[in-house]
Amino acid sequence: GEMVVRTHEKLAQLLGKTITFRCQIKGEHPDYHIYMTLSLLNNLVANAVEAINEKGMILLEVQRNGQWVLFQVTDNGVGISEKHRNLIFKPGFTTKFDAFGKPSTGIGLSYVKDLVEELGGQVSFHCSDGKTRFRIQLPVQSLTKKG
C-alpha cells in the first residue's frame, strides 16, 4: 500500500494538486502477486487522482475477509455522472482529456474489470455524498503466488 501511495503523492505534486492519502490495511495478508496487485491498485488510484481537481482525499483500503481480499479506493473528486455510469468499464471510454484536448487512453477501468473477472473476482463502484468508491473483491487464492 505504501508504495502505491508514494508513487501517487509524487504524481499529485506534479499535477499541482493537494491530495491527502490514507492507507488502511486490515487482517492478515499472505504475499500477493505484487505486480498484479499494484497494477490493479495503480489504475484505481490514478483514476482517483485524476478525478480530484485541486484538493482532495484518497483512501486506499485493503481488507481480508476469509477467502476474499477486498481493495477499496475512495476519492472525493468530481464523481461519475449518471450518464457515464454504465460506460466506465467499456474499453476506450474516458472523460479525461489533456491540455490539447486529446482523450486519455481509457485503458484503466476496462483493463481492471477484465483482469478482476479473469481472476474470479468482481469490481464495482458506488457514488454518494460527494465520494466515489471503487471496490475490487478477489479470491485470495487468485492473488497468491503459485509455486
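Q: Let's begin with strand 4 and strand 5: how many bridges join them, and do they run parallel or antiparallel?
A: This is a predicted model, and in it strand 4 (residues 122-128) and strand 5 (residues 131-139) run antiparallel, joined by seven bridges. As an example of the pairing, serine 124 has arginine 135 in strand 5 as its bridge partner.

Q: And what sits in the turn there?
A: The two strands form a hairpin with two residues between them, and aspartate 129 in that turn has a positive phi of about 50°, which is a positive value in a residue other than glycine.

Q: Is aspartate 129 buried or exposed?
A: Aspartate 129 counts as exposed because its relative accessible area is 77%, above the 50% cut-off for that class.

Q: Stepping back, what is the overall layout of the chain?
A: The secondary structure comes to four helices and five strands, and along the sequence these follow the pattern α-β-α-β-β-α-β-β-α. Of the 147 residues in the chain, 41% are buried, and among contacts with a separation of 6 or more, 66% are between residues 24 or more positions apart.

Q: How do strand 1 and strand 2 pair?
A: Strand 1 and strand 2 (residues 55-65) pair in the parallel sense over nine bridges, and one of the pairings has glycine 56 in strand 2 as the bridge partner of isoleucine 19. The chain passes from strand 1 through helix 2 to strand 2, and this β-α-β crossover is left-handed.

Q: Which residues make the nonpolar surface patch?
A: Met3, Ile34 and Tyr35 make a nonpolar surface patch of about 390 Å². Isoleucine 34 belongs to helix 2 (residues 34-51), and its relative accessible area of 58% makes it exposed. For the chain as a whole, the accessible surface comes to about 8800 Å², with 52% of it belonging to carbon and sulfur atoms.

Q: Switching to helix 3, what do its buried residues pack against?
A: They pack against helix 2, strand 4 and strand 5; the buried residues of helix 3 (residues 108-118) are Gly108, Leu109, Ser110, Val112, Leu115 and Val116. After helix 3 comes glycine 120, with a positive phi near 85°.

Q: How many salt bridges does a search of the whole structure find?
A: The search finds two. In one of them glutamate 117 is paired with lysine 113, with the closest N and O atoms 2.7 Å apart, and in another arginine 85 is paired with glutamate 82, where the closest N and O atoms are 3.5 Å apart.

Q: Why can residues at that kind of helix spacing point the same way?
A: An α-helix has 3.6 residues a turn, so residues three or four places apart point the same way. Glutamate 117 and lysine 113 both lie in helix 3, four residues apart, about one turn of the helix.

Key: Residues are numbered from 1 along each chain as its sequence is written. This is a predicted model: local features need pLDDT of at least 70, side-chain atom pairs count only at pLDDT 80 or more; totals for chains, interfaces and linings use all residues. Side-chain values use heavy atoms; hydrogens and water are left out. Patches are made of residues with over 30% relative accessible area and no salt bridge: like charges are joined within 9 Å, nonpolar side chains (Val, Leu, Ile, Met, Phe, Trp, Tyr) within 5 Å. Accessible areas come from the Shrake-Rupley method with a 1.4 Å probe; for residues, only the protein chains shown count as cover. A salt bridge is a side-chain nitrogen of Lys or Arg within 4 Å of a carboxyl oxygen of Asp or Glu. Buried means under 20% relative accessible area, exposed over 50%, partly exposed in between (1.4 Å probe, protein chains only). Two strands pair if DSSP finds at least two bridges between them. Contact means heavy atoms within 4.5 Å. A crossover is right-handed if, with the strands pointing away from the viewer, the path from the first strand over the helix to the second runs clockwise.
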